[in-house]
Amino acid sequence: MAERETEMFLLKNKLLTFTVLGLVMLAGAAVPALALQIITPADGALLESPGHLIIKAGDKPAIDGLTIEINGVKSDIIPISASDYRKMFRDLLILQAEFDPGESRLIVEGYEGSRKVAEARAQVYLRSEYDVPPARYRTLPFHLAEREALCTGCHHNLKPTAQELAEPSPVSHPCATCHGKLIDRKHVHGPAGVYECTSCHDTGSKPAKYAVPDREGAFCLDCHQDKYDDFRKSKRMHGPVEVKQCLVCHDPHASDTLAQIRGKVNASCLRCHSTVQSGQHVVRGFSGQLHPLEGLVNPSDPSKPLNCASCHEPHAANLPAYLRGTGASTMVFCRRCHNK
Ligand code: HEC
Ligand code: HEC
Ligand code: HEC
Ligand code: HEC
Ligand code: HEC
Ligand code: HEC
Ligand code: HEC
Ligand code: HEC
């Protein structure tokens, strides 16, 4: 079995090399056949977050430095041949990627001294909020057996046992070395913070490990059914909440905004309600001036900033326009903050 896996890996590896070679020939560059590979992100990948950029230099010819060019902006040569470096990472370069939202053209060049001897390319797309990516981009999972095989030599935690997965410490949890930064934020979601990664990610999914039950958020109710039942008690339920698209607004892991909202609260609302900010809001006919919607403290709850959610319940409410409170009149609503 192990042998067959190795065989498969070698075969796939050859295919990868061949693809890179094909690209090089297309580009018409006069460089010899090589093993330089962009391991992740794969060409054609649709990314939800920038993730990592991992390059394998190969050893024929001996590449001792790499440059990385993203959308025309090229780095200096990054040396990878010092003996300390080789001992630790061999011929790999592992970086946190920095892609801007949208399409990125990635060109990696391999150097022997100052002579360019290899090249590999990939085109990837980082999705931002609601844009529709071009059809050629797809979600290409990393956690396939043949890709993990490139890492197991040094990362012994790619086939973790149930006991290892139950380890709540970020120092020893098997997902931490590679994904620790995911929860390095101000507001961390309960189960992610204690490394219960596999309460949402399926260790047995195939072909790629760690699949999630769905990408919208109905599964959030597995643990938050009580919340949803609360929302349902109100007269009105906000569209995306009613259809259980919790992930539209919430990040499943962590963010810098309270309740792990993706980005800032107002931006998360304006994606679907883009007319609000430009028009008159809160007060009609209010002498040309607009009511503030952010940048101040919320007078009705000074521990929070003023934002859309200061006045609107994001999930469900009894009042029209999901206004907060039980106000019998608009005046009562305004007095939440204007009580003089
Ligand atoms: C030759 C050994 C070696 C191989 C092979 C290797 N790594 Fe690593 N990797 C390391 C070392 C050493 C570290 C640093 C560990 C630390 O900081 O605790 C590391 C760290 C990482 C990190 C964390 C970087 C960060 O963001 O701080 C990621 C992600 C990673 N490796 C992914 C991979 C992947 C994916 C593969 C397979 C394609 C792989 N590595 C193969 C040695 C290796
Ligand atoms: C050796 C490093 C390494 C370890 C250990 C690791 N991952 Fe990953 N994982 C990656 C890389 C690299 C990617 C590609 C995205 C990126 O660049 O961050 C990835 C992607 C993912 C994805 C996105 C889907 C996919 O397959 O691309 C999920 C989900 C995921 N990892 C979950 C986990 C979980 C859960 C654990 C612990 C049980 C874990 N990973 C351990 C390196 C690692
Ligand atoms: C509450 C459920 C939940 C928990 C707990 C959780 N994840 Fe995720 N994870 C998801 C969902 C859903 C996605 C799909 C992408 C999205 O919507 O952000 C995802 C995506 C990912 C990705 C792909 C990159 C990205 O940003 O989309 C990685 C890597 C990942 N998870 C790793 C982890 C690790 C490591 C842990 C434990 C520290 C963890 N997850 C805990 C639900 C969860
Ligand atoms: C495995 C169980 C589990 C799943 C699945 C789960 N959560 Fe949670 N969630 C928790 C726990 C535990 C807490 C922390 C205790 C609490 O506040 O209830 C929490 C807290 C929260 C909070 C409150 C944070 C705060 O600041 O008060 C939000 C928001 C949240 N979860 C959203 C989600 C969303 C969105 C999903 C789906 C992507 C989800 N949860 C899936 C267990 C889960
Ligand atoms: C995914 C898209 C989406 C997002 C994101 C979104 N909404 Fe909505 N919203 C809707 C839809 C669809 C409706 C109309 C159906 C309904 O009333 O639920 C609506 C209705 C409303 C209404 C009532 C409008 C009326 O005419 O009575 C208010 C107020 C509102 N949203 C506020 C917010 C706030 C505040 C946020 C951010 C916390 C937000 N929305 C985020 C889709 C969205
Ligand atoms: C339209 C955006 C939006 C959607 C969709 C959404 N939430 Fe929220 N949620 C928010 C905002 C904004 C807050 C923070 C409210 C505040 O600052 O007071 C929040 C706070 C929370 C909290 C913590 C505060 C509390 O009320 O206990 C929980 C738990 C929660 N949401 C769960 C969910 C679940 C479960 C779903 C899916 C059924 C969901 N949310 C869907 C925007 C949303
Ligand atoms: C200071 C309180 C307050 C703030 C902050 C606020 N709103 Fe409103 N919003 C209101 C009031 C009052 C109404 C009018 C309700 C009515 O007509 O009965 C309203 C109406 C709405 C409506 C329905 C009518 C329309 O204009 O389309 C939407 C959608 C809405 N708000 C979204 C938002 C969004 C998105 C934000 C954040 C960018 C926001 N609101 C910030 C108080 C506020
Ligand atoms: C969530 C809190 C909140 C609610 C609810 C609210 N406001 Fe305000 N409003 C503010 C803040 C903050 C300012 C900035 C001026 C300040 O410091 O009072 C402001 C400013 C104003 C101003 C500009 C004059 C002034 O006092 O500086 C008017 C007029 C106003 N609001 C009317 C209303 C009306 C009418 C309603 C009800 C439909 C309302 N507001 C509801 C928070 C709120």
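Because the model is predicted, local features need pLDDT of at least 70 and side-chain atom pairs count only at pLDDT 80 or more, while totals for chains, interfaces and linings use all residues. Residues are numbered from 1 along each chain as its sequence is written, and chains are lettered from A and ligands numbered from 1 in the order in which they are written.

**Overall fold**

The protein has 12 helices and 13 strands; these are DSSP runs numbered from the N terminus, helices being H or I of at least four residues and strands E of at least two. Of its 340 residues, 19% count as buried, that is, with 20 or more other C-beta atoms within 10 Å of their own, the C-beta atoms being placed from the backbone. Among contacts with a separation of 6 or more, 54% join residues 24 or more positions apart; a contact requires C-beta atoms, placed from the backbone, within 7 Å.

**A three-stranded sheet**

Three strands form an open sheet in the order β1-β3-β7, with antiparallel pairing; two strands pair if DSSP finds at least two bridges between them. β1 (37–40) and β7 (92–96) are at the edges with a single partner strand each, so one side of each has no neighbour in the sheet. Neighbouring strands here are turned by 25° against each other on average, direction ignored, with axes taken as lines fitted to C-alpha atoms. Strand β3 (residues 52–56) pairs with β7 in the antiparallel sense over five bridges. Ile-55 has Leu-93 in β7 as its bridge partner.

**Ligand shells**

A residue belongs near a ligand if its C-beta atom, placed from the backbone, lies within 6 Å of it. Residues are classed as nonpolar (Ala, Val, Leu, Ile, Met, Phe, Trp, Tyr, Cys and Pro), charged (Asp, Glu, Lys and Arg) or polar (the others, Gly among them).

Around ligand 4 there are 17 residues, of which Gly-190, Cys-220, Cys-223, Cys-246 and His-250 come nearest. α6 (190–193) and α7 (221–233) each supply at least two residues of this shell, and α7 gives the most, with three residues.

Around ligand 8 there are 18 residues, and the nearest are Leu-296, Ser-310, Cys-334, Arg-336 and Cys-337. Two or more residues of this shell come from each of α11 (308–311) and α12 (330–334). α12 gives the most to the shell around ligand 8, with three residues.

The classes in the two shells are listed below.

| Shell | Nonpolar | Polar | Charged |
|---|---|---|---|
| Ligand 4 | nine residues | seven residues | one residue |
| Ligand 8 | 11 residues | six residues | one residue |

Note on methods: A residue is buried if 20 or more other C-beta atoms lie within 10 Å of its own, exposed if 12 or fewer, and partly exposed in between; C-beta atoms are placed from the backbone. Two residues are in contact if their C-beta atoms, placed from the backbone, lie within 7 Å. Axes are lines fitted to C-alpha atoms, for helices over the stretch in contact, and angles run from 0 to 180 degrees between N-to-C directions.
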